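Subject: Structure handover

Hello,

Here is the structure I promised to pass on. Please open it alongside this message; my notes follow below.

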Amino acid sequence: MTIYTIMHRIRAEESGIAMIIAVVLLGVMATLMALVMTVSIHTNFATGHGRSWVQALHVGEAGVNKAIAKLQETGGSFSGSLTGSTTEGTYSVTVTHQTRNRFQIDATGTAGGGAGLVATRKLRVTMAPPSSFKYALYSQTIVDTKNNDLITGDVWANQNIIVDANDTVTGSVTAATGYVQVNNGGHVTGDAWSGGFDPSSGQAIYLSTNATLDGTAKASVTAPTDPVTCGGENQSNYKVRLDNGAHIGGNVTTWGTKTGGGTVGPPGIVTSNLCTAAPATQPMPVFTYAPSNYDPATLHEYGTAATSPATAVSDFQTYVGAHKSALSGTFFVNQSGTVNQGVRLDLSGVTLTNDLTIVTNTPIFTNGMTDNTSDAILTLVSTYKPPAGSTCDLNQDSSECTIHLKNNFQPTDKTAVLVYSPYGPVAVKNNQIQFGAIYADSIEIKNNQSMTYDPRVERVVGFGPETATIQTWLELAP
Amino acid sequence: MALLGVVLGALLTVFESVQRSAAFVQNRSEALDSMRVVVDEMTKEIRQATSVSPSSTASMIDMNTYVLGISKHIVYQASGSTLTRSVQGGAAVAVQTRLTSTDLFTYTDSVSNVELVALTLSVNPLNRPDTTLVLTSEVRLRNRGSA
């Protein structure tokens, strides 16, 4: 730099400009840097917390799974607390036994380290017997109601459903491989769905005079192999017949046609000759007896699954005779030898006072039974199989019904009743008022029955492929 | 003086650029924070759903679920650029704005048999409409059919 240049800058008073520019640029850079740092730190923090948040859920689930494994190991007897950890965090779990074979699992998962990065989440899982019973009436073959019955709930039959004169089904009816018939003045408030037909009439769904179906009617074909010919099924067999005065409120869809003078709608769209697939048949829920499922303090076994005493029924009846006014608990009755209507469990005159479960290989009969409970479930399980060719006659007390409920079987709505008969018919007759469900090989109901589905019987221990499954999975405030 | 003017002009330009950049970064960060909260909440509620109404669509999910262990009916509806949440038929409250798409929900198997819900939330941060932030989540229903 020459003397001239220096003198020029001094004269122009520019000697500090470089410093000013440098300071200002540094300020800009510092501001930018501070901004970037602030955002980076925030983003890093948010990401870290988000990671911990998700990890805490995983850790909590690990705790739930640990508790379930513990329950399996101990046959359901484990209760109390446990702790553990995964590579992501730690969990603490509390298992609480509830009534009717329910378990509540509370798990708290914690993940993350450092200030503000720790996340905690709390899960509550309820385990219960599998969901097995969702219909008011279920039959592996036929459901037949007669004379002023009122069924509240859905009805399912793997074959046919006949809703007789003046009966009302407040729900839907499904005949998976058979037909639906609603006789004079009968009323179904839901839908009707059939998968087969009545070979004597070529009708898939039949509403007799003044019968009413509020929902839709669908006449399908069981497992059609193609949608064009519907597996070659004869369309004349899939008629939806409505006699004069009969009415369907919703649409009608059938592989056949709608016949008769009854009305549809409005708007009521009738779609004829349309091939639709019938619903698959539904299997009867499987029942497995295990003594460990029941409170040993109230379990009464007359025989075991492997041993069947000759006095099982008489011993049971002796006990019932002594406790007729207040019966509760679990009874397993495995009678030896040939069982028939002469060797059966008779619950006539019994008053139920708490949960009552009866499991037997014999028929069950009752001529009047009542309850004095606040919240109870009556479970009747009979594996009795009537002789081939025999019939269950509602009017004959000794006919071959597997379970025969007769005359004023009237537990209140405080008691839900589950009737289970996989190998034989259930007969219900005369003024019964029942809340719960009936699942049977076949069902006959007659004379002023009121049957209302009760969701308390949906999950009952012993039914289904597992003892307990997850019923609800909830996240609570930690 | 001319040189000083040029330098100050350049500095002001840099300042303005930094200021815009700061606003964008801040808006982006705020949008992401909001999206995280919304996705977390929706994921939590869908996971606990007992049923999803067949009337649900790509822009609306109508479900019965649990909130802090209590059964609730909740509807999320994306309309225009706003996502709203309604509880028990109450007023729809905006939970996210500046949506770039109302197609948020994809259902597996189908809307009439929902096992899994895929969730995609796309948002334009404020002051930067050419930028789209996307958060996705997949949720399997844990309480399906257990109501």
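Start with the contact between the chains. It takes 21 residues from chain A and 20 residues from chain B. Please keep in mind that this is a predicted model.

On the side of chain A that touches chain B, two elements give two or more residues each: H2 and strand S34 (469-476) of chain A. H2(A) supplies the largest share, 13 residues. By class, this side of chain A has 13 nonpolar, six polar and two charged residues.

How do H2(A) and H1(B) lie relative to each other, parallel or antiparallel? Helix H2 of chain A covers residues 17-73. The axes of H2(A) and H1(B) come within 11 Å and cross at roughly 5°. Angles under 35 degrees count as roughly parallel, so H2(A) is roughly parallel to H1(B). The contact of H2(A) with H1(B) has 17 nonpolar, five polar and three charged residues.

Helix H1 of chain B runs over residues 2-47, which is 46 residues. From first C-alpha to last, H1(B) reaches 67 Å. That is close to the 68 Å expected at 1.5 Å a residue.

Which residues of H1(B) are buried? They are Arg28(B), Ala31(B), Met42(B), Glu45(B), Ile46(B) and Arg47(B).

Next, Ser51(B). This residue lies in strand S1 (residues 51-52) of chain B. Ser51(B) has 17 other C-beta atoms within 10 Å, so it is partly exposed. Buried would need 20 or more. Ser51(B) and Arg20(B) are 31 residues apart in sequence. In space, Ser51(B) and Arg20(B) are 46 Å apart, C-alpha to C-alpha.

On to the domains of chain A. The domain assignment gives three entries:

- Domain 1 of chain A: 52-130 + 469-476.
- Domain 2 of chain A: 131-152 + 283-462.
- Domain 3 of chain A: 159-281.

The centres of domain 1 and domain 2 of chain A, taken over C-alpha atoms, are 38 Å apart. Their contact takes six residues from domain 1 of chain A and seven residues from domain 2 of chain A. The domain 1 side of that contact divides into three nonpolar, two polar and one charged residue.

Last, some backbone points to check by eye. Most residues other than glycine have a negative phi, and most peptide bonds are trans. The following spots depart from that pattern.

Cys230(A) has a positive phi of about 55° and is not a glycine. Cys230(A) sits in the loop between strand S17 (217-219) and strand S18 (239-242) of chain A. Cys230(A) is buried, because 21 other C-beta atoms lie within 10 Å.

Arg98(B) also has a positive phi, about 60°, without being a glycine. Its loop joins strand S5 (93-96) and strand S6 (105-110) of chain B. Arg98(B) has 19 C-beta neighbours inside 10 Å, so it counts as partly exposed.

Where are the cis peptide bonds? One runs from Gly265(A) to Pro266(A), with omega near 5°. Another joins Pro266(A) and Pro267(A), with omega about 0°. Pro266(A) is in the loop between strand S22 (263-264) and strand S23 (270-271) of chain A. Pro267(A) is found in the loop between S22 and S23 of chain A.

Best wishes

Technical notes:
Residues numbered from 1 in each chain as written. Chains lettered and ligands numbered in written order. Predicted model: local features only at pLDDT ≥ 70, side-chain atom pairs only at ≥ 80, totals over all residues. Domains from an automatic or database assignment. Contact = placed C-beta atoms within 7 Å. Nonpolar A, V, L, I, M, F, W, Y, C, P; charged D, E, K, R; others polar. Helix = DSSP H or I, 4+ residues; strand = E, 2+ residues; numbered from the N terminus. Expected span 1.5 Å × (residues − 1). Buried ≥ 20, exposed ≤ 12 C-beta atoms within 10 Å, placed from the backbone. Axes fitted to C-alpha atoms, helices over the stretch in contact; angles between N-to-C directions. Parallel < 35°, antiparallel > 145°, perpendicular 65-115°, else oblique.
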